[in-house]
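Below is a set of questions and answers on how some labels were assigned in one protein model. The sequence and structure come before them.

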Amino acid sequence: MEEMVKQTITARPPQPQVPKLLPAIAEAWPSMCAALKDSRTAVVESALALVSAAAGLGGGVFMGRRFQQEVLPVLFKLLSSSTAHVSARTSSSLSFPSPKGVVGGGPASRLLLLSPEGSDSHMHDQGQLAPGAVQRVRLAALECCTSVCSSPEAASAVKGRTWELAQACIPFLGSSYATELNQAASKLLMSLSSLDQDAV
């Protein structure tokens, strides 16, 4: 009987290894970064949430370098232009100022964004990102930055860039922006100041 048990144990296939966290993040990273530049607002929002979660889970030099080199430039563009997507039909288009009196309007300009017909319900007929989508993207970008700055594991990802982030979010404290953006910008500034009081 004992011999039969031994044979059964040795015949069992080895248990599959649990995927390593960092290799899994590294494999998914290109897709996450590509999603940040998608023309669809919901995709960009989800990608920002996923990136901030990945930064918190991965942490350290591995994520810090990737975040600074590949994500921060996109975040700055999302905050200033509301989109990082540039289609073949708009790569040579000029930027247009935000109209006064709309949510998310102000000194920052919004890139003209054209997508295939019917692909995004947040686009105007002329291809301009709708005001509601502008606010959603900027709000998600601010929350992503705040999440990273507030995480002990991910805070190194913004090391040395706190002043730039502060400059990017300060305009959203103005009265021309929605209350949600005011609050999100305030939270980000507080998180930045806790990281580097001299810079903010």
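Predicted model: local features only at pLDDT ≥ 70, side-chain atom pairs only at ≥ 80, totals over all residues.

Q: Why are helix 3 and helix 5 called roughly parallel?
A: Their packing angle is about 0°, with the axes 9 Å apart. Angles under 35 degrees count as roughly parallel, and helix 3 and helix 5 are therefore given that label.

Q: Which residues make the contact of helix 3 with helix 5?
A: From helix 3 come Thr-41, Ala-42, Val-44, Glu-45, Leu-48, Ser-52 and Ala-55. Helix 5 supplies Ala-133, Arg-136, Val-137, Ala-140, Ala-141, Cys-144, Ser-147 and Val-148. By class, ten of the residues in this contact are nonpolar, three polar and two charged.

Q: What makes helix 4 roughly parallel to helix 6?
A: Helix 4 (residues 60–81) and helix 6 (residues 162–169) pack at about 15°, and their axes are 10 Å apart. The cut-off for roughly parallel is under 35 degrees, so helix 4 is roughly parallel to helix 6. The crossing of helix 4 past helix 6 is left-handed. Leu-72, Phe-76 and Leu-79 of helix 4 take part in the contact, with Glu-164, Leu-165 and Ala-168 on the side of helix 6. This contact of helix 4 with helix 6 has five nonpolar residues, one charged residue and no polar ones.

Q: How do you know whether Ser-52 is buried or exposed?
A: Its relative accessibility is 11%. Buried means under 20%, so Ser-52 counts as buried. Ser-52 sits in helix 3. Apart from neighbours within four places in sequence, Ser-52 is in contact with Cys-144, Ser-147 and Val-148.

Q: Why is Ala-140 called buried?
A: Ala-140 has a relative accessible area of 12%. The limit for buried is under 20%, so Ala-140 is buried. Ala-140 belongs to helix 5, and beyond its neighbours within four places in sequence it is in contact with Glu-45 and Leu-48. Ala-140 and Ala-47 are 93 residues apart in sequence, while their C-alpha atoms are 9.5 Å apart.

Q: What makes Arg-40 partly exposed?
A: The relative accessibility of Arg-40 is 41%. Buried is under 20% and exposed over 50%, with partly exposed in between, so Arg-40 counts as partly exposed. Arg-40 is in the loop between helix 2 and helix 3. From Arg-40 to Leu-129, 89 residues along the chain, the C-alpha separation is 9.8 Å.

Q: Which residues touch the most other members of the largest nonpolar core?
A: They are Trp-29, Leu-48, Phe-67, Val-71, Leu-75, Leu-78 and Leu-142, out of 46 residues in that core. Two or more core residues come from each of helix 2 (21–36), helix 3 (41–58), helix 4, helix 5 (131–150), helix 6 and helix 7 (179–195). Leaving out neighbours within four places in sequence, Leu-75 is in contact with Leu-48, Phe-67, Ala-141, Cys-144 and Cys-145. In soluble globular proteins, nonpolar side chains tend to be buried together.

Methods:
Residues numbered from 1 in each chain as written. Heavy atoms only, no water. Axes fitted to C-alpha atoms, helices over the stretch in contact; angles between N-to-C directions. Helix = DSSP H or I, 4+ residues; strand = E, 2+ residues; numbered from the N terminus. Parallel < 35°, antiparallel > 145°, perpendicular 65-115°, else oblique. Left-handed = near helix turned anticlockwise from the far one by under 90°. Contact = heavy atoms within 4.5 Å. Nonpolar A, V, L, I, M, F, W, Y, C, P; charged D, E, K, R; others polar. Core = buried A, V, L, I, M, F, W, Y, C linked by side-chain atoms within 4.5 Å. Buried < 20%, exposed > 50% of the residue type's maximum accessible area, 1.4 Å probe, protein only.
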